[in-house]
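Here's a walk through one protein model, from its helices to its domains and its ligand shell. Have a look at the fold before reading on.

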Amino acid sequence: MRRLVSIDGRIALPEDATISVYDRGFLYGDAVFETLRTYDGAPCALEAHVARLLKSAKRLRLAVPGGAAAVRAQVLGALAAAREHPTDDGYARVMLTRGAAPLGLDIDLAKAPGLIILVEPLPPPPAYDVGIRAVTVATLRVADGTQAAGAKVTSYLASILALADAKAQGAQEAILLDGRGQVIEGTTSNVFVVQGGAIRTPGEEVGLLLGITRQLVMEAVPVETAALTPADLYAADEIFITSSVREVVGVVAVDARIVGAGVPGTVTRRVHDAYRARARAAK
Ligand SMILES: Cc1ncc(COP(=O)(O)O)c(C=O)c1O
């Protein structure tokens with residue numbers, strides 16, 4: 001899969017792809033996005049990603065030019081243009097911005113939303129056999145508590161800083177906690193704990209992004225939704241995170257406390273296998 005960019009359906013090489021410095025995605029983070037990957041050349045859960053992009057756009061009162069059909073067609077067009085072999089895999093970052101406009105917050109200043117798709121080769125896979133370390137970080141995201149809560153908005157600053165905190169402590173992911181100390185999600189992932197054979201994950205009410213990987217995992221294996229705190233993380237037999245690009249990754253330490261045996265556990269491995277089978281079939 002080669003790197004390519006689609007701007008409103010026009011394909012460009014990354015070095016030639018430009019948008020206006022007046023784009024409100026850049027000026028104000030006034031944009032929403034999706035990240036989806038392919039399996040054997042075909043996008044995974046394209047319909048769910050398009051639906052979530054439209055839901056995010058609606059929360060921002062952002063029009064989607066051409067609606068779901070145009071988004072679907074442009075994603076498929078960009079992937080087809082980037083593919084060098086029929087079964088090439090990669091991922092697409094699909095962004096819908098309110099577009100370029102004169103300075104000012106008024107949404108009516110912007111007349112032409114833009115759909116920009118970056119197609120990228122897959123990054124090297126996480127060390128699934130070794131797992132990752134995580135730290136908990138109490139924070140507030142830009143959209144938390146606003147009309148846009150739950151939308152996948154491009155303003156990821158709180159998560160960027162949380163991940164920087166994690167990195168400074170030798171960890172690869174931050175698990176975000178809300179004002180009451182409840183687990184929300186990872187910076188770009190959802191969080192699951194395994195204890196006594198039961199798999200639990202926080203519910204939508206904590207203000208998490210309803211991950212599509214999370215959903216596919218919940219369809220593949222029994223999962224309960226439950227409020228989780230750092231104490232649940234510390235007492236877990238296993239913890240794993242999920243995301244479209246990373247799939248299912250074991251967390252072997254939280255806040256420098258070893259989780260279970262300190263290696264990704266058997267339930268995590270089983271969930272990962274079940275997820276992969278499901279993801280390959282999810283259109
Ligand atoms: C904040 C957040 N939560 C969860 C996820 C996982 O979502 P998905 O499984 O749809 O990739 C992401 C993915 O980027 C994310 O940014």
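Helices (H or I, at least four residues) and strands (E, at least two) are taken here as DSSP runs, numbered from the N terminus. Keep in mind that this is a predicted model: local features need pLDDT of at least 70, side-chain atom pairs count only at pLDDT 80 or more, and totals for chains, interfaces and linings use all residues. Residue numbers start from 1 along each chain, as its sequence is written.

The expected span of a helix is 1.5 Å times one less than its number of residues.

| Helix | Residues | End-to-end C-alpha distance | Expected span |
|---|---|---|---|
| α3 | 16 residues | 23 Å | 22 Å |
| α4 | 12 residues | 17 Å | 16 Å |

Next comes burial. A residue is buried if 20 or more other C-beta atoms lie within 10 Å of its own, exposed if 12 or fewer, and partly exposed in between, with C-beta atoms placed from the backbone. Arcs are those of the directions from the helix axis to the C-beta atoms.

In α2, the buried residues are L46, H49, V50, R52, L53, S56 and A57. They cover an arc of only 165 degrees around the axis, which puts them on the same side of α2. The cover over these residues includes β3, β4 (42-43), α3 (67-82), β5 and α5. Just after α2, R61 takes a positive phi of about 55 degrees.

Over in α3, V71, Q74, V75, A78, L79 and A82 are the buried residues. Looking down the axis of α3, you'd find them within an arc of 130 degrees, so they line one face of the helix. A69 and A73, on the other side of α3, are exposed. An α-helix has 3.6 residues a turn, so residues three or four places apart point the same way.

For α4, the buried set is A162, L163 and A166. Their arc is only 100 degrees around the axis, which puts them on the same side of α4. L157, I160, A164 and A168 sit exposed on the other side. The buried residues of α4 pack against β7 (132-138) and β8; contact means that two C-beta atoms, placed from the backbone, lie within 7 Å.

G170 lies in the loop between α4 (157-168) and β8 (173-177). With 10 C-beta neighbours inside 10 Å, G170 counts as exposed. G170 is 36 residues from A134 in sequence, yet their C-alpha atoms are 8.5 Å apart in space.

Zooming out, the protein splits into domain 1 (4-121) and domain 2 (132-281), with bounds from an automatic or database domain assignment. The domain centres, taken over C-alpha atoms, are 25 Å apart. Across the boundary, 21 residues of domain 1 are in contact with 15 residues of domain 2. On the domain 1 side, β3 (31-39), α2 (46-59) and β5 (90-97) each give two or more residues. β3 gives the most, with eight residues.

Finally, the ligand. Which of the 13 residues around the ligand come nearest? They are L209, G211, I212, T213 and S244, where being near takes a C-beta atom, placed from the backbone, within 6 Å. α5 (212-220) and β13 (238-243) each supply at least two residues of this shell, and α5 has the largest share, with three residues.
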